[in-house]
Amino acid sequence: MSLAFRVEEVAEIDSTNDSCRQRALAGEPAGLVIRADLQTKGRGRRGRDWVSPPGNLYTSILLRPMRPAAEIATLGFVAVVALGDAIAPLLPAAVTLRHKWPNDLLLDGGKVSGILLETQGAEPGVAGFVVLGMGVNIVSHPPGTPYPVTDLRAAGAGPITARALLDRLLAAFAPLYEVWEARGFSAIEPLWRRRAAGLGEPIEVRLQDNALRGVFRDLDRDGALRLALADGSERRISAGDVYFPATSSGRGRS
């Protein structure tokens with residue numbers, strides 16, 4: 001059955017993910033989409049704050065997928081592929097769009113979006129759900145980040161409102177989500193690979209308490225990163241931040 005979206009828009013909210021989660025716990029069906037002009041407590045991956053000034057896209061989607069719990073993390077790949085498809089036609093032809101593992105979107109090496117998956121398994125009286133949060137820099141991006149960032153306007157995209165971009169995103173996401181629900185990550189992986197950044201190249205992966213350097217050998221069947229280390233061994237990584245070697249200007253890319 002096709003996923004039907006119901007978009008609710010608010011001027012200001014603490015967090016679209018938190019609001020979506022509260023609605024899910026109350027029994028809201030899949031397909032709820034909350035978009036805010038401004039977030040006061042936006043969150044990114046690994047507990048980071050997500051700066052949320054007006055003009056950018058802040059949205060969360062409530063999903064109740066019919067896939068095993070072990071596969072839920074691969075929904076991030078579905079989301080970034082959909083976002084890339086939605087944004088690509090807006091960009092000048094010279095701009096390079098890439099997927100950075102696991103689910104960041106890069107424009108000429110600068111991060112333009114963030115994706116946060118928050119899940120809850122089924123419990124007595126509460127059905128399992130996934131909240132898919134997404135932020136996209138449309139007209140501005142934060143300064144002072146440890147990696148390059150950008151926004152659509154800075155990348156040369158034509159003017160677009162947050163709601164118009166959301167409509168494009170949902171139109172791209174819906175068919176990909178249906179494919180993922182029916183066939184799993186294996187059906188989405190080739191679409192992610194076509195724009196993959198760093199695959200087969202040297203990278204650094206920063207974990208919670210250390211960093212590893214090696215070659216991005218491949219993806220595992222569940223979307224984990226397979227890192228080939230200098231000693232010939234291989235490390236399987238399910239969560240971490242990927243950084244690329246410094247460019248000729250001496251500035252690293254993330």
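User: Is glutamate 181 buried, exposed or partly exposed, and why?
Analyst: In this predicted model, glutamate 181 counts as partly exposed because its relative accessibility is 23%, and partly exposed is the class between under 20% for buried and over 50% for exposed.

User: Ok, where does glutamate 181 lie?
Analyst: Glutamate 181 belongs to helix α3, which covers residues 162–183.

User: What is glutamate 181 in contact with, apart from its neighbours within four places in sequence?
Analyst: With those neighbours left aside, glutamate 181 is in contact with Arg64, Pro65, Met66 and Arg67. For Met66, the side chain of glutamate 181 reaches the backbone nitrogen at 2.7 Å.

User: And how many residues apart in sequence are glutamate 181 and arginine 67?
Analyst: Glutamate 181 and arginine 67 are separated by 114 residues in sequence, while in space their C-alpha atoms are 6.3 Å apart.

User: Changing topic, how much space lies in the largest pocket?
Analyst: The largest pocket holds about 580 Å³ of space, and its lining is made up of 32 residues, with Ile72, Ala73, Thr74, Leu117 and Thr119 lying nearest the centre.

User: Which elements give two or more residues to that lining?
Analyst: Those elements are α2 (75–87), β7 (113–120) and β8 (129–136), and of the contributors β7 gives the most to the lining of the largest pocket, namely five residues.

User: How do the lining residues divide into nonpolar, polar and charged?
Analyst: In the lining of the largest pocket, 16 residues are nonpolar, 10 are polar and six are charged.

Note on methods: Residues are numbered from 1 along each chain as its sequence is written. This is a predicted model: local features need pLDDT of at least 70, side-chain atom pairs count only at pLDDT 80 or more; totals for chains, interfaces and linings use all residues. Side-chain values use heavy atoms; hydrogens and water are left out. On a 1 Å grid over the protein atoms alone, a cavity is a set of points where a 1.4 Å probe fits but cannot get out, and a pocket is an open set with protein on both sides within 12 Å along at least five of seven lines; lining residues have an atom within 4 Å of a point. Grid points are joined across faces, edges and corners, and a volume is the space filled by probe spheres set on the points. Helices (H or I, at least four residues) and strands (E, at least two) are DSSP runs, numbered from the N terminus. Ala, Val, Leu, Ile, Met, Phe, Trp, Tyr, Cys and Pro count as nonpolar, Asp, Glu, Lys and Arg as charged, and the others, Gly among them, as polar. Buried means under 20% relative accessible area, exposed over 50%, partly exposed in between (1.4 Å probe, protein chains only). Contact means heavy atoms within 4.5 Å. A polar contact is a pair of N or O atoms within 3.5 Å; within protein, one must be able to donate a hydrogen and the other to accept it, and residues adjacent in sequence count only if both atoms are side-chain atoms.
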